[in-house]
Structure formats: structure tokens, C-alpha cells
Amino acid sequence: MKSPILAALFFAAIAYSAQTVAVLEITPVDETVELKIAEFRHLTDELRTRAREALPKEYTVLTRDNIISLMPSDEEQADCLAESCAVEIGRAIGSEYVTQGFVGHFSEMFTLTVELYESMSGNLLGSFVTESNSIMGLLGTIREKAPAMFANIKPSEPKPRDYSMAKEAANEATAKNEGSSGLGVRGWTRIAAYAMAAGCIGAAIYKNAKAESYNNKLSRFDNNYPSEAEYAGWREVYASYADGVKSNERQRLAYGIGAGVSVLAVVLTFVF
């Protein structure tokens, strides 16, 4: 029973791989070919080994289990595919290249035919045919001729990078930032920073003038010290003026810091 999770994981691995080659099982032409299943599998495994050795590293040669896991889970559909040509099986399992092989009889000898197809186009890329009076002779022919057949699969050329999507995304981001006025985020940041700096500087100047006014009043108090009878009433006004000086000086400092931060924000928008 196939595991859908394992099949999904393998599909993801195949999608990530650059190219895949499916080496289908070598099968008998008919029931008269008297070879054991293990012998057919050994011939197929040898063909897969030669494929791995001959192909560049970016190609993945599917194993027997890989191919089974990629076949449709529906038994009727799988049986139908098994009776189809290699090209249809290659397309069904999503492999770019596929091989098929058959063992038959010619007189008193075994025959072996192996073919390599491009799945999408159905083009025959290469093949070889051999005769031998033993399975060891067929095995030796695979070792000798399979590398030349797989050499017909040319290394895939790297696709040129398409920067159009990145440019479109950058343009869209710029358009969103600029808005209808075309000022952009930087422009609005500078305007806000300028306005804040101007407000803070103006408030600091105003508070400085107010503090100086209180200082002048305190100075006049000191120069015209009231009599003992008037002192009680004047003391409250004097304390109020003193508090006013302290409060305005603190506010002036706060506004000065705000102006400095605003100017720094403006500078940073120009730098970045």
C-alpha cells in the first residue's frame, strides 16, 4: 500500500530537481522468454547504474520504488499505463526522459532492445540492440553501450534570470509609497520633520522670552523689596513668578531637544 505522505514528499523532491530520468523495468517480449524476475531486475539495475554514471549531477535517475510511488494509485489506471508505451508512462509520472527495454528470442539467442525517449516530445534520443546466448552477454552489452545512449541527453543550460518581476514589484512599491502626490514616504517624512523642528524651535523661543519676562519681574521684586506689612501678600506673587521661570526653562529644554531630534530625522531621510 502506498503512503500518500511519502508520495507527496517525493513529488516535492522531484519538483525541486532539475531533470529526471525514469529507467523502466526491462521486460520479456512474450512468455517464451525463460528468464527469472531477479534476472530482469538485475539487467534493469545495471542500466540505472550506467545512467547515473553517464549523466551530469543535476539529473536524478528514478529508482524502482520511485517509479512505483509516482504511478496512479488507482489500480485500473496503473494497469492501463503499464500496458502503454514508455513515453506515456514518462509523462504520467512527470519524468523528462524515460527508457524501456525488452528481452526476446532470435533463433537460439537472447535479444535485448533498449530505447531512450524524451517524454514531452516523444522523440527517440537513442537506442541499442544486441544478441547473446546468455544473460551475461546481455549484461556486458548494457555496460558497453548504455553510456553512449545516455550521452544523448545534453546538460541543461541555465535559464537567464528574469528581473522583470522584481522590477515590477519595485515599481509597485514605489508607486504605493509615493501616493497621488508623488512625494513618497521620504518626502512626507522630511516635511513632517521640518514642521516639527520649526514648531519646537518657535515654542522654545517663546518659552525663553516668557522666562526672561519672569526673571525681569523677579529682579524688580528684589530691587523694590516690600515692607514687613506688605510682605505676606507679595510673597505668594513672588513664588508664582519663580515657579514660572523654572517651568518655562524646563519646557524650553524639552522643545530644544525635540527640535534637535526633528533635524536629525531630516538628515537621516536624506542619507537613507
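Colleague: What does buried mean for a residue here?

Modeller: Buried means under 20% relative accessible area, exposed means over 50%, and partly exposed lies in between. The model is a predicted one. In it, Arg50 has 18% relative accessibility and so counts as buried. Glu53 comes to 54%, so that residue counts as exposed.

Colleague: What joins the side chains of Glu53 and Arg50?

Modeller: The general idea first: side chains of opposite charge can pair when their charged atoms come close. Here, Glu53 and Arg50 meet in a salt bridge, at 3.0 Å from N to O. Both residues belong to helix α2, where they are 3 residues apart, about one turn of the helix.

Colleague: How many salt bridges are there by this rule?

Modeller: The count is 7 salt bridges. One of them pairs Arg64 with Glu25, with 2.9 Å between the closest N and O atoms. Arg64 is in helix α3 (residues 64-70) and Glu25 is in strand β1 (residues 19-28), so this pair ties together parts that are 39 residues apart in sequence.

Colleague: Which residues are linked with Glu25 and Arg64 in a network of salt bridges?

Modeller: Asp45 and Arg48 are linked with them in that network.

Colleague: Which residue forms a salt bridge with Glu46?

Modeller: Arg143 does, and the closest N and O atoms are 3.3 Å apart. This pair links distant parts of the chain: Glu46 sits in helix α2 (residues 37-54) and Arg143 in helix α6 (residues 135-150), 97 residues apart. Glu46 is buried, with a relative accessible area of 9%, whereas Arg143 is partly exposed at 39%.

Colleague: Now the nonpolar side. Which residues touch the most other members of the largest nonpolar core?

Modeller: Leu47, Val103 and Phe150 do, in a core of 27 residues. At least two residues of this core come from each of β1, α2, β2 (59-62), β3 (97-106), β4 (109-118) and α6. The most come from α6, which gives 7 residues.

Colleague: What is Leu47 in contact with, leaving aside its neighbours within four places in sequence?

Modeller: Its contacts are Val23, Ile26, Thr99, Val114, Ile142, Ala146, Met149 and Phe150. There is also a second, separate core of 12 residues, including Met71, Ile93, Val98 and Tyr117.

Conventions. Residues numbered from 1 in each chain as written. Predicted model: local features only at pLDDT ≥ 70, side-chain atom pairs only at ≥ 80, totals over all residues. Heavy atoms only, no water. Salt bridge = Lys/Arg side-chain N within 4 Å of Asp/Glu carboxyl O. Helix = DSSP H or I, 4+ residues; strand = E, 2+ residues; numbered from the N terminus. Buried < 20%, exposed > 50% of the residue type's maximum accessible area, 1.4 Å probe, protein only. Core = buried A, V, L, I, M, F, W, Y, C linked by side-chain atoms within 4.5 Å. Contact = heavy atoms within 4.5 Å.
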